[in-house]
Amino acid sequence: MPTETFEFQVEARQLLQMMIHSIYSNKDVFLRELISNASDALDKLRLEALRDDTLDADVSDLHIAIETDPEARTLTVRDNGIGMSHDEVVQLIGTIANSGTAKFLQELKQAKDEATAEGLIGQFGVGFYAAFMVADEVTLVTRRAGQGEGTRWSSTGEGTYTVEPVDGAPQGTAVTLHLKPVDQEDQLFDYTSRWKIREIVKRYSDFITWPVRMAAEAPAEQKEGEAEEEKAAPEPETLNSMKALWARSRDEVSDEEYHELYKHISHDWTDPLETLRMQAEGTFEYQALLFLPARAPQDLFAREHKRGVQLYVKRVFIMDHCEALLPEYLRFVKGVVDAQDLSLNVSREILQQDRQIQLMHRRLVKKVLSTVKEMMAQRPENYATFWREFGRVVKEGLLSDHENRDAILRIASFATTRDQEEPATLQQYVERMKEGQEHIYFMTGESRTAIENSPHMEAFRDKGYEVLLLTDPVDEVWVETVPEFDGKPLRSIAKGEADLAEEETEEAKAEREQRQEDFAGLLSWMTERLGEQVKEVRLSSRLTVSPACIVSDTDDVTPALRNMYRAMGQELPEAKRILELNPGHPLVEGLRKAQAERPDDADLAGTAELLHGMALLAEGGELSDPARFTKLMAERLERAL
Ligand code: ADP
């Protein structure tokens, strides 16, 4: 096959441009990325050889080698791992698989300053392409283990790359960087310098479980005039300790080392928010090192989001994204779990059934939840960041994890009417409940503003009741299944009767009964007129300013929840709702009088319809017949001129 030239995918091209123009200041990390890829390739080969004993591959001395040539100004990172076929090279190196790429690039374009741009890159992680921060040309020679022919890939990062077959390529992958000139200003160090390489590997890749070697420097005096046989091959130097961080005691490992492991596992370039260590001894021994990231990845809600921690058995890597160890609602947790007693060739199917895995799963969940609780008390800023980034996901656990529901409720916090900025925990809410208040009041909706301006809020605001403002889609769902917290029932202020726990005086009671009597005629007339749309028309105790609002019956499905189910392809039955009128509003009072005087006036029926339509609009709902609404409205406006 001759040399082929390909164009980079659009996103890949844009990303490469940014790498070439180096908007990321810590350029050293390119080496971490290449070593990380090489280490993954060695893991993959070892696993494949274990599963397939016909694989024609050499697994006798798996390692990573770094070679430098100061004169040619090249740096090569070589592994004898799984390698790539011709098609894999084109597919993996020429495109970016990350589903959040387009969004990420959009944000990057809009980034106002360098620090923001750098933060975004750090969050995204660019892997192999990081090589173009320090190199003006990159060549990759690879041969897939078990295959005969190798492939050479080469590019300057400017739009296209070439691919051609090569003979005699060793198994695995060698990435050769033709380094840009040294430029201290731009933090481009001499990456052919042995001490620089040593320093970078030690700092970023010490824990890599495969040896990272660098050929020893040839002694200078051996250059000329010496006999062949005297040139004993110098022993290569191993640069990393290869110690599994999770198996070492806490005081032996620095925070930076933990953070580098996190970056290796997660492909995130930003430090994690929290590091969690677990050591279980006894009949079922395991160690775990878990991380809570500082930022939610772009694809947290994408269907193809890969979740799960890495599974090791006795220090040997078994699999990435082990879903069986943590539930969906903790899908953002990264880390390593190393179990002593599992078989080396466990499969995903076996893991789902395994009792020990289930036990570990339970313990890991408890550990994560208790750590968040601890953050709440001891590191409130970290907790606030955590909840802002992952609260939406954690709340999914209120639906799926009954065992830990209470623990999840205790680490949750919510926006509240009490304070624009500070969210409240349920504990705090309960502690400051008003005298005689029995319920935890909340309202779900699109946004804080939409809820705060909704008519349902009026009496609660007037009387000084705190209301939780729930605006995440998942809130619509969990509030239906969580009945109470600490013995206090949760109650939507947009459902059922508003039962503000106020002592009613004799006088007020008499007044209310009188009002009920006065309005009885209007209510039954309207209930009949609007019977197609509403279940009932009644007087409201929750309105102070608006003439009317719509509420759902206590046990009925809300429109927002029905819409969510519809989006997932499931139809819930339509439930008619209740129209509540504010007897203190002049429009309602006027309608009452007019209806009593002229019960057959067809015009009043139109006003009743408008009242219902306005209540729907006030809660952000949709009119069933907007054209008719507009017509009725126009007639009345015209008359008022
Ligand atoms: P990431 O590592 O985040 O997936 P990269 O751009 O670094 O992204 O690499 C893309 C893919 O190319 C990897 O997922 C891997 O499949 C393949 N790859 C990269 N380096 C190597 C290597 N040294 N050996 C084998 N495959 C590799």
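**Exercise 1.** Which residue in β14 stands opposite leucine 311?

*Solution.* This is a predicted model, in which local features need pLDDT of at least 70, side-chain atom pairs count only at pLDDT 80 or more, and totals for chains, interfaces and linings use all residues. Residues are numbered from 1 along each chain as its sequence is written, and side-chain values use heavy atoms, with hydrogens and water left out. Begin with the strands, which are DSSP runs of E with at least two residues, numbered from the N terminus, as are helices (H or I, at least four residues). Strand β12 (residues 309-313) runs parallel to strand β14 (residues 334-339), and 4 bridges join them. Opposite leucine 311 stands valine 337 in β14.

**Exercise 2.** State the strand order of the open sheet and identify its edges.

*Solution.* Two strands pair if DSSP finds at least two bridges between them. The 5 strands follow the order β10-β11-β14-β12-β13, with mixed pairing. The edges are β10 (274-280) and β13 (316-322); each has a single partner strand, so one side of each is left without a neighbour in the sheet.

**Exercise 3.** Is threonine 371 buried or exposed?

*Solution.* First, locate the residue: threonine 371 belongs to helix α9. Helix α9 (residues 355-378) lies across β10, β11 (286-292) and β14. Next, apply the cut-offs: buried means under 20% relative accessible area, exposed over 50%, and partly exposed in between (1.4 Å probe, protein chains only). Threonine 371 has 6% relative accessibility and therefore counts as buried. Finally, list its contacts (heavy atoms within 4.5 Å): leaving aside neighbours within four places in sequence, threonine 371 touches Glu274 and Leu276.

Conventions
Axes fitted to C-alpha atoms, helices over the stretch in contact; angles between N-to-C directions.
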